Amino acid sequence: MNPSVMVYTEIRNGSIHPVSYELTGKARELADKLNSEVVVVTLFNKLEEKVEDLFSFGADRVIVSQDECFRLFNQEIHTNVMSALILQEQPQIVLAPATTGGRTVLPAVAGTIHTGLTADCTGLDIEEESDLLLQTRPAIGGNIMATIKTPHHRPQMATVRPKTFKIPEKRSASGVVEPFYLNDDMKQTTIEILDYQPLEAGAENIQDKDIIVSGGKGLKRKEGFDLLKQLADILQGGIGASRPTIEAKWMEYPHQVGLSGKVVSPKLYFAIGISGAVQHIAGMETSEIIVSVNKDPDASIFQVSDYAFCGDLYDIVPKMIEQLKEKLAKPVSDKEGESHV
Amino acid sequence: MMKIAVLIKQVPDTDDVKLDPETGTMIREGSGTIINPLDLNAIEAAVQIKRHRKDDCEITVLTMGPPNAQFALREALALGGDEAVLLTDRKFAGADSWATAKVLAEALKKSGKYDLVLAGEKATDGETGQVGPEVAAMLSMPCATYVSAIEHNENNVVVTRTVEDGTEKQRIQFPCLITVLSALNNPSMPTLRGKMNSRRANIVTMTSQDLDIKSEELGLKGSPTRVVKVTTPQKTRKTKRYSGSQIEEGIRELVEEIKTSVLNQ
Ligand SMILES: Cc1cc2nc3c(=O)[nH]c(=O)nc-3n(C[C@H](O)[C@H](O)[C@H](O)COP(=O)(O)OP(=O)(O)OC[C@H]3O[C@@H](n4cnc5c(N)ncnc54)[C@H](O)[C@@H]3O)c2cc1C
Ligand SMILES: Nc1ncnc2c1ncn2[C@@H]1O[C@H](COP(=O)(O)O)[C@@H](O)[C@H]1O
């Protein structure tokens, strides 16, 4: 068996984040091409889901490290443990979610063990002649796609944005759950975790949403977001915002979409009263369907839209709401695994 | 005396950048350079700590880049930096995040013993966000990323990390590295005195010869990752436009698509 494909899972608040299944599925595809195995690493204190679920998404082995020190995220301990596991397992590839966790731990691992790391990949494949990992990521605000290789260093490591790959169909499968025990060196840390405050109830992470309704300066006033909330509520969507609306305090920072905010990739994205500056587009361009409403016929947002409505948003959005209320069969139900508040 | 280092990067001014409607790529010609916006927040954080310590603090700004990156350093000095280090050498060219971090980490070792190193969470051009944590790992320092508040004490900092589902508070002992978000503070403008001082200030230049790095670990040659292909994604969206009286029809089509392909009703 060739060296393995390893997955670093995202486990937050005692729950496996769906991106872990997405990455396990992708790792399965890669491992099949390489004739190697998928090793999934889980670090937690308590867990709602069964780690065995990971076998049904493609894992051959699941490494479990259950310890009180994982109750709250400590990047130093995660880095120590991942570095140790990589030395022990010698995988040829390591995949991690491009979340605040993965984007903190993996670069520290790369710096520690001296290997390459490609951030925010949107495509992964194996090059046939060389068996090297081809890592594709957007660059320059998503206007260019760069394909990157790690020719000589091992493992080849990549972080991947949530929702980039589909969660595979569950299959019936089983495998080996292997415990991994921490030694005192690994738990050595100068970081003291003082507190964790979850988002207030109702405030959700828009990156987990299938539908996002975003507003910009064109709303003209804070109350404009009330209208957008009506639209979002019908669709059980989240609210996004352009930077100037955040600066004007019409909306809070966790809702900002774009270069200096969040990168989102929902199934449906509404850009309402947003001009389409490159910095905003960089955060939403990979959405499946983009709908924009703008009264300026030359607005750049139209260039990246599937549905471009040119007119006053205060005319058009109420009509959308009315039509949706009339036509939607039943209230949308939250799909499994989407949110874990 | 507390010593703070701030890592800054000179990046193209994206405010000047326009999209080419044909190819969808950025038109960079004629656009100037600026300090990476988040690095301004890092500088401001350093200046605030220095003020809080009644000047019992020294701020060194470092950058790796072409010779003209000295202008970014001068601007940082005008904003309150005390010393500046320019890491410039043709051999550094083509560095990926690992090779960039290697140069910065060795330069930090050479230029002083820092209590605190500050960096931006990510740069607007490379957009990897990896340099900060990699530098920290190479210096065996703990690293806090995505920091939106810093409370500083004699031997440690208490930072607030803004993560997907909430906020974390961590106390980290010096020496440590912090990468910052724009929510941390509002960068101030350079003062007149700062500007005058910065013009006269001496910038320390270091090349590969000043650093303990093997030549095979420098620049493109020393980069574990290689860009092997660059493509401009074909725009696949066929934009349907609706205005005036077509809007009602457009909404009907949209609602139909939402029903069938988004909500699967
Ligand atoms: C380093 C840097 C980082 C940045 N990061 C981000 C980021 O993360 N996210 C972000 O969004 N921006 C970011 N920006 C800012 C960005 O450049 C733009 O300034 C911003 O996106 C514009 O926001 P807007 O579209 O809401 O406002 P505007 O550009 O003012 O556009 C408002 C739009 O609304 C339309 N409009 C007005 N009234 C109506 C009406 N009644 N009906 C319909 N349409 C109407 C107008 O035609 C116009 O197109 C960043 C900038 C820099 C320099
Ligand atoms: N060439 C460089 N010189 C100095 N600091 C850098 C350089 N590249 C990146 N940094 C620092 O690392 C941060 C993250 O950059 P990046 O990893 O490229 O997204 C930046 O905000 C800077 O603080």
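**Stop 1: confidence.** Keep in mind that this is a predicted model. Colour everything by pLDDT to start. Chain A has a mean of 93, with 95% of its residues reaching 70 or more. Chain B averages 92, and 93% of its residues score at least 70. For the complex, the predictor gives an ipTM of 0.88 and a pTM of 0.88. Now select residues 334-341 of chain A, where pLDDT stays under 50. The model has eleven contacts beyond four places in sequence for that stretch, so take care there: pLDDT is the predictor's own confidence in each residue.

**Stop 2: ligand 1.** Select ligand 1 and show what surrounds it. Which chains do the residues around it come from? Both A and B, so the site is shared between chains. There are 27 residues around the ligand, and those that come nearest are Ser242(A), Ser260(A), Ser275(A), Gln279(A) and Asn294(A).

- Arg243(A) has a backbone N or O atom 3.0 Å from an oxygen atom of ligand 1.
- Val257(A) places a backbone N or O atom 2.8 Å from a nitrogen atom of the ligand.
- His280(A) uses its side chain instead, with a polar atom 2.8 Å from a ligand oxygen.

How much of ligand 1 does the protein bury? On its own the ligand exposes 990 Å², and the protein buries 83% of that. To see which elements give two or more residues to the shell, select helix H7 (243-247) and helix H8 (278-281) of chain A.

**Stop 3: His280(A).** Stay on helix H8 of chain A, where His280(A) lies. Is this residue buried or exposed? His280(A) counts as buried because its relative accessible area is 6%, below the 20% cut-off. Leaving aside neighbours within four places in sequence, show its contacts: Ala241(A), Ser242(A), Val257(A), Gly258(A), Tyr269(A) and Ile274(A).

**Stop 4: over to chain B.** Select helix H2, residues 70-78 of chain B. Its buried residues include Ala72(B), Leu73(B), Ala76(B), Leu77(B) and Ala78(B). As you look along the helix, remember that an α-helix has 3.6 residues a turn, so residues three or four places apart point the same way. Finally, step just past H2(B) to Gly80(B), which takes a positive phi of about 135 degrees.

Note on methods:
Residues numbered from 1 in each chain as written. Chains lettered and ligands numbered in written order. Predicted model: local features only at pLDDT ≥ 70, side-chain atom pairs only at ≥ 80, totals over all residues. Heavy atoms only, no water. Near = heavy atom within 4 Å. Polar contact = N/O pair within 3.5 Å; in protein donor to acceptor, adjacent residues only side chain to side chain. Areas by Shrake-Rupley, 256 points an atom, 1.4 Å probe, with all protein chains shown as cover. Helix = DSSP H or I, 4+ residues; strand = E, 2+ residues; numbered from the N terminus. Buried < 20%, exposed > 50% of the residue type's maximum accessible area, 1.4 Å probe, protein only. Contact = heavy atoms within 4.5 Å. pLDDT = per-residue confidence, 0-100.
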